[in-house]
Amino acid sequence: MNDSQRRDVHYKPLSPPPARLKKSKTLNIIGISAGYHDAACCLIRDGVLISAAQEERFSRVKNDKSLPRRALRYCLEDGAIAIGDIDCIAYYENPTLKLGRQIWMGMQPNISDRRIDMIAGRMMSPTPQATIRSSFGYDGPIEIFEHHASHAASSFYLSGFEEAAILTVDGVGDWATTTYGFGKNAQIERFEQVDFPHSLGFFYSAITAYLGFEVNEGEYKVMGLAPYGKPLYANKLRSLIDVWPEGQYRLNMDYFAFLTQETMFSEKLCELMDHPARVPESQLDQFHMDVAKSAQLVLEQVLLEKVSYLHSRVPSENLCMAGGVALNVVANSRCLREGPFKRLFVQPAAGDAGGAVGAAAMAYVQIAGKRLEKNPLQHVYLGPRNLPSDIERLLNASNAAFLNFSGKESELIQYAIDRVQEGKVIAWSQGRMEFGPRSLGARSILADPRDPEMRDRINALVKMREAFRPFAPVVLESQAHKHFDLDHPSPFMLETCTVISDLALPAITHVDGSARVQTVNHSTNRRLSLLLEEFDRRTGCPILLNTSLNMRGDPIACTLYDVLMCFVQSQIDILVVEDFVIERAGIPTLWSLEALKYQAAKAKPGESISHSIYTLL
Ligand SMILES: [Fe+2]
């Protein structure tokens with residue numbers, strides 16, 4: 001298999017576009033986010049979100065921002081439609097507003113030449129319509145929506161709430177960085193916003209960069225590092241944000257350099273902290289942990305204040321959140337626990353990928369005059385599946401040694417739990433891939449959470465990530481309250497809570513006694529529920545460790561080929577892909593050789609986004 005075949009194992013080239021077919025009676029709306037980071041595409045048919053995927057899962061370029069050609073191709077194939085069957089394409093941000101911000105940035109005094117070059121290089125065409133038409137061969141209607149309107153819609157329209165307050169917080173969208181609004185039935189209104197450059201997302205990203213982690217990616221690491229520290233620098237970091245009345249706040253731009261330089265923070269931040277920035281990959285010491293804790297605390301404090309303000313304007317019991325900052329699960333949980341709202345819905349793909357869904361949902365409301373069907377969102381298994389027939393054919397063709405449990409699900413479950421009890425680590429690929437940043441049991445690595453050695457073992461086998469970062473548990477929804485301080489389902493792993501289990505769960509319990517919990521039931525993930533039930537029956541533990549199926553720096557595995565390559569490159573003990581099982585001894589030489597080519601062809605870091613500065617341009 002050569003490189004070009006590898007890239008298109010399941011997806012044929014999009015060009016030339018399929019011939020226009022007879023218009024179907026159904027209403028097909030495509031949503032697109034692109035050009036920033038985390039490009040994605042979705043298909044809403046007759047008000048039902050039926051497909052959604054990020055471009056990175058197909059291109060294998062982490063956080064791919066390019067026009068989601070492959071993701072669109074998947075959505076069309078999944079919906080069994082051609083370009084001509086699309087009734088509307090909805091684009092997730094307003095390029096004219098964005099261009100205005102880019103020009104304003106370029107006019108800043110003291111801006112560096114390199115920064116101007118970066119802006120010029122990333123300056124968007126104000127007409128993505130033309131790009132969409134020429135790239136996709138599409139001549140139908142295109143609707144453009146504001147970036148934060150897409151975030152707000154992506155959350156409220158899928159929340160199941162008839163009415164709710166809406167808070168969106170990210171790095172920056174078109175101009176806005178934070179918005180306050182409310183939704184009622186099919187109507188969403190915004191009544192206040194904070195504009196660039198004042199941004200809670202950039203505050204957190206600047207500290208992420210100061211701590212030597214990659215911007216856009218390392219924010220999770222700061223959140224994971226925080227429980228090891230003390231908030232010794234909270235007052236100092238709080239001084240970077242001037243919290244104003246109502247929904248407003250302002251960054252003290254003396255400490256931030258992203259407006260005019262190629263870095264997120266200025267030298268003055270180092271002076272304030274009396275410490276140089278950490279060199280990436282260098283040792284982490286207590287100072288860094290204390291800074292992480294301080295930044296996390298400041299973010300939580302400001303968010304809590306603003307959530308309280310939002311409630312004073314919108315005295316609802318329901319809060320919807322979206323935007324990249326809404327992926328800070330620790331802050332989310334605190335907003336729910338200590339804030340005035342009783343219920344919280346966070347869009348699972350809260351970052352810009354989810355903007356595709358929000359834009360498509362708004363287009364549907366415009367056309368149909370009502371909200372989406374199947375609301376609230378039940379699951380995010382909206383990506384491609386690997387067909388058993390394809391799997392069996394490939395296994396046979398490559399002379400792999402494998403077990404076939406087709407039609408014998410109970411035996412497959414028994415086999416998998418036997419291995420878990422032996423301390424084995426399982427690569428678990430089942431059904432449709434998840435949409436959004438979290439693996440939720442479709443492309444996951446599973447293991448025994450009770451094993452004190454398991455965290456180190458998984459890091460050694462596959463993840464190669466920082467030892468301080470915790471792994472997450474997946475638990476049967478019906479039993480979750482016995483083991484976690486959680487009184488409601490958490491199907492999207494978007495909250496943290498205290499571990500209260502009588503069981504020792506060292507592999508999934510963070511240093512502060514918390515865990516980032518995913519709950520499952522039979523309706524959302526039947527096979528994973530069966531697996532957990534069998535583990536519970538044997539051990540009294542309805543919980544497994546669940547982490548994403550990918551090598552460090554790679555997007556989550558998507559296709560059968562990616563799943564196999566992750567299995568071969570890692571030292572994971574066993575692969576369970578649909579009804580088939582491959583143990584390490586069964587890996588044919590052909591796959592090992594292919595894995596070498598796969599690694600060599602891997603996209604270079606930074607190809608899609610900058611890792612030293614937020615891709616705000
Ligand atoms: Fe955003």
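## The iron site

Both H151 and D352 are buried, a word used for under 20% relative accessible area, with exposed meaning over 50% and partly exposed in between (1.4 Å probe, protein chains only). These residues belong to a predicted model, in which local features need pLDDT of at least 70, side-chain atom pairs count only at pLDDT 80 or more, and totals for chains, interfaces and linings use all residues. Residues are numbered from 1 along each chain as its sequence is written, and side-chain values use heavy atoms, leaving out hydrogens and water.

Which residues coordinate the iron ion? They are H147 (NE2), H151 (NE2), D170 (OD) and D352 (OD), at 2.1 to 2.3 Å. Donors here are N, O and S atoms within 2.8 Å of the metal (3.2 Å for Na, K and Ca), and as water is not among the atoms, sites may look incomplete. Helices (H or I, at least four residues) and strands (E, at least two) are DSSP runs, numbered from the N terminus.

## The second largest pocket

This pocket has a volume of about 760 Å³, the volume being the space filled by probe spheres set on grid points that are joined across faces, edges and corners. A pocket is an open set of points on a 1 Å grid over the protein atoms alone, where a 1.4 Å probe fits, with protein on both sides within 12 Å along at least five of seven lines; lining residues have an atom within 4 Å of a point.

The lining has 36 residues, and V330, S333, T496, C497 and S514 lie nearest the centre. Helix α13 gives the most, with 6 residues.

## Local backbone details

Most residues other than glycine have a negative phi, and most peptide bonds are trans. A cis peptide bond joins F196 and P197, with omega about 10°; P197 is in the loop between β8 (187-195) and α8 (200-210).

R60, not a glycine, has a positive phi of about 65° and lies in the loop between α2 (56-59) and α3 (69-79). Is R60 buried or exposed? It counts as buried, because its relative accessibility is 9%. N110 also has a positive phi, about 70°, without being a glycine. N110 is found in the loop between α4 (95-106) and α5 (113-122), and its 70% relative accessibility makes N110 exposed.
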